[in-house]
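Hi everyone, thanks for coming. Let me put the structure up on the screen, and then we'll walk through it together.

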Amino acid sequence: MANVTRHINATAGGSAYEILIGGGILREAFLRKELSPFERIAVIAGSRVYELHRAYIEEALDVIRGRCRLIFFDDSEENKSYAYAGRFLEKFIEYGLNRKSAVIGIGGGVVGDFTGYCAGLFMRGIPVIHVPTTLLAMVDSSIGGKAAVNLSVGKNIAGVFRQPRMVVSDTLFLGTLPDGELRNGLTEALKHGLIGEPTTLGILQGNSMETIRREEVINRLVALSASFKAGIVEKDERESGLRAILNFGHTVGHAIESFMEYRGISHGGAVAAGIRVKMEAMRRMGLVSDGDAVRVGSLIDRYGLAERTPGLDIDGVIDHMAYDKKNFGGAVNFVLLDGLGKPKINQQIPADLLKEVMSETLT
Ligand SMILES: NC(=O)c1ccc[n+]([C@@H]2O[C@H](COP(=O)([O-])OP(=O)(O)OC[C@H]3O[C@@H](n4cnc5c(N)ncnc54)[C@H](O)[C@@H]3O)[C@@H](O)[C@H]2O)c1
């Protein structure tokens, strides 16, 4: 395969699968043996990405044309729901899918989560192939097997673990991804860099928003980040310990997002703000050096990853974080670093320090 420039062998939940990375690899990927056993394949395509890449997707689908059925998914967070999934499961029956069928999801994390969830439920589980089309989906959500949909009471509450049969990260799709969406993925790549994939930090440091999209650069970043996450999941698929390090920056980030009711701030912007809070708190606690804190802060600035929220009610966010955690039966614990690349779970930040740093960095 000429265009597959990176090829990662991943294992999770006792089964092995491949992550293919490269620009323009979709058709080649659909010709692979992984798809040959399936008599019928439902292809769930995000409407936006299909609209932008129609001819390219259709050309790739030609190789499975006789046995695939394309289903469009208006990929909003509202539609990533339990109720909507029920409708798709009924469509699967209508289209003649059975236990020898598979589902392919083409889109961002919303499509991937939705597709994985439907595949995990249909006839007690049929194979899923992910074709992530956002950077976040390539470096994060398509890897790891978590697939959840939203209930009216909260996000990602109804879920399954469904490891993919194959992941096809075709970076050609990123050509149409808006910068804001790209930043969401860069934040996750930065997070991987901080918790144990140092080469990622070097790539971010050696590039800028202008150069990071270059094919060779982005392919390398996706490969390193995806491979790092796959390695963590291989050791701890169900998050009984190690996998929790992937939540670095997310406790504060989620609290900001949910306090703001998911309006006026992006997921990546909130997580990057959470990383900034953590770095500064860890610097003051003597866990990371001044130099490392400055280096990470300037990366966040260079790519414009973190969003400030003037007037944000810090006490409100902190109460929210505590309330959220207690709901899940625990104290407010964080992933902290004992030096770059050395994460530790279940750590505390003194309450006064947390409030001080949040006030200084978030508003
Ligand atoms: N399962 C997991 O482990 C995991 C991890 C992180 C996030 N998630 C989930 O992922 C979702 C977020 O994913 P996301 O950041 O990819 O957002 P998304 O799926 O909402 O995509 C963002 C936007 O980009 C559009 N888009 C997708 N590909 C495009 C392309 N190539 N060109 C132009 N536009 C494109 C989409 O239509 C959408 O409007 C959330 O629902 C989150 O809960 C899951």
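Which atom of the ligand does a polar side-chain atom of Thr176 lie 2.7 Å from? A nitrogen atom. Before going on, please keep in mind that this is a predicted model, where local features need pLDDT of at least 70 and side-chain atom pairs count only at pLDDT 80 or more, while totals for chains, interfaces and linings use all residues. Residues are numbered from 1 along each chain as its sequence is written, and side-chain values use heavy atoms, with hydrogens and water left out.

Now the shell. The ligand is surrounded by 23 residues (a heavy atom within 4 Å), with Asp75, Gly109 and Thr133 among the closest. At least two shell residues come from each of α2 (47-52), α5 (109-121) and α6 (135-141); these helices are DSSP runs of H or I, at least four residues, numbered from the N terminus.

One more residue I'd like to show you is Asn184, in helix α7, residues 179-195. Asn184 is buried, at 10% relative accessible area, where buried means under 20% with a 1.4 Å probe and protein chains only. A polar atom of the Asn184 side chain lies 2.9 Å from the backbone nitrogen of Gly268. Beyond its neighbours within four places in sequence, Asn184 has contacts (heavy atoms within 4.5 Å) that include Leu136, Ser266 and His267.

Methods: A polar contact is a pair of N or O atoms within 3.5 Å; within protein, one must be able to donate a hydrogen and the other to accept it, and residues adjacent in sequence count only if both atoms are side-chain atoms. Buried means under 20% relative accessible area, exposed over 50%, partly exposed in between (1.4 Å probe, protein chains only).
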